Amino acid sequence: MDLYYFYSGHEFEAWKYLGAHVEKKGGVTFRTYAPHALKVSFTGECNNWKETAMKRVYDGKFWEVCLPEAKSGQMYKYRIYHQDGSFIDHCDPYAYWAELRPGTASRIYDMSKFRFHDDKWMRTADARRNRPMNIYEMHMGSWRKKDDASDTGWYTYSETADLLIPYLKENGYNYVEVMPITEYPSDASWGYQATGFYAATSRYGDPDSLRTFIDKCHAAEIGVILDFVTVHFAVNDYALWNYDGTAIYEYPYSDGARNEWGSNNFMHARPEVRSFLQSACDFWISQYHFDGLRLDAVGNLLYWQGDTSRGENKGAIEFLRHMNKYLKIRHPGVILIAEDSTTYPHDTDPVDAGGLGFDYKWDMGWMNDTLKYFATDPRYRSEIYHKLTFRQSYAGSDHFILPLSHDEVVHGKASIVNKMCDLYEGKFDQARAFYLYMYTLPGKKLTFMGNEIGQLREWDEKRQQDWNMLKYPIHDAFHHYIMKLNHIYLENSALWEWDYDDRGFQWIDADKVQECIYSYRRMSSNQTIVFIMNTGALPNRYTWSTTAKLKLLLASDENTWHGKTDFTDPENTPYRHDGCATITIPGKSARIYLEY
């Protein structure tokens, strides 16, 4: 490892030097960075948890020992002595694997044995700017479980792949985003309070099981995105906090050290921290073949504690720009996504053009406005009509993903279906129209597991999804509706080719306030689709100008989906006259037509 690169914050491969490395000639070499330690000892299974002294190397701030008797799979820790003579046993910040919680030891792992079979996929990987991206967000431990009554009962990564891939293909998802799987102590944190930034959590198997999961996804032409946290880390004293008796990863002063989640903020102005984090990002891309990274809570990097009134965090912004620029140089096909709820400009502009260098940004404004709109009684929606038109006024400012993530179905927020303003069956009517609106807007799509079956309860990481709900006709119909919608999205270029091009969207009517009707066209180089939605309480007769023939692609009110309209009746087809088309569209429903 180049010390200059490490200390200047330019290192992207610190994981090749630090951590535990199985040697070809036998044994394992251990190295750690503890610049202020009085001394460091190795302790683990291979020496019966006794102390073996580690020696200072390089500039005296790194510690190393090579143990011929150490083997892959064995547990270990570093006993780090502070200047006052006290010590704490730490897990290895660069470990590839860890002991299953509540254990806290690191585990040796030989990463050199696995072979991927996804060369073709990797050669054609790109950011999919002009291609469809329908993302299924999932929590690895609660999508399905072997034993739903157990607090574990988890499938391994590889076993999950065998169940998940056919489901994704049938349902029309071409990407899966996994919530954080970097090692973490508490199940309830969902992985967002990490202790091992290079370690795939042992809850679901070993690192090669995870690599098998990704390899299988790629064989089925499904991309895999990792939700990764670069803002903060867990407070546990055996991990990064106060690692060598001093704050080498976190802020050394109280103001700014802890955040709203009670965890330690990384000090991104420190070059060694930058090298640690950007090397971790490179590690997951290069060693696991993740197609993209979704960076959590980017707003807390852009502004101090995520509070715009406290001003920009210049050090963290510089870190983001540098990391994103060089990750794209090192891995041109990688997809970088920002979860940023702020209005910080140009998240998705290239770094050299003054942007942050992300490929996509979550559109949190659209999510909040749209969910509030559909939670409002249809009788009063005319008063907030333009909540749904406002989105297109800023749609060109960044490259957006429309997200309905795990955050929207927890902590008393209700499931997506239960957010809809209506009684039971009416909630499903509203949700079908809502999803049709979402999938016809410009922008890539993301929805959380369980949303597609109309799950009624909030997500709970301890339980698998309520798959038994599919025995009820209304849930089964809703599920098949979402499946149909997903495949229409994937198969029709008008819904994605010009997502970020002004040619791709055209309002037909954006001022039918009293009627609560919205209509627009989506276009591509070879296709035009018309979207019409009536969010009011009552049916309305609607006419729009078109000389084209019309083919119904999907109607949210069709009786096939548990709606109330029979489309075998000619009365429910558009009436053509003098270059116009006219339909009667029920309240709380939406339709899309192909113009040809």
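Predicted model: local features only at pLDDT ≥ 70, side-chain atom pairs only at ≥ 80, totals over all residues.
Modeller: Local features here need pLDDT of at least 70 and side-chain atom pairs count only at pLDDT 80 or more, while totals for chains, interfaces and linings use all residues. Residues are numbered from 1 along each chain as its sequence is written, and side-chain values use heavy atoms, with hydrogens and water left out.

Biologist: What makes Asp206 a cap of α4?

Modeller: A side-chain oxygen of Asp206 lies 3.2 Å from the backbone nitrogen of Asp208, at the N-terminal end of the helix.

Biologist: Why is Thr348 called buried?

Modeller: Buried means under 20% relative accessible area with a 1.4 Å probe, protein chains only; Thr348 has 5% relative accessibility, and therefore counts as buried.

Biologist: What makes the pairing of the Thr348 and Asp398 side chains a polar contact?

Modeller: The term needs a pair of N or O atoms within 3.5 Å, and within protein one must be able to donate a hydrogen and the other to accept it, while residues adjacent in sequence count only if both atoms are side-chain atoms. The Thr348 and Asp398 side chains are joined at 2.7 Å, and the Thr348 side chain also reaches the backbone nitrogen of His399 at 2.9 Å.

Notes:
Helix = DSSP H or I, 4+ residues; strand = E, 2+ residues; numbered from the N terminus. Buried < 20%, exposed > 50% of the residue type's maximum accessible area, 1.4 Å probe, protein only.
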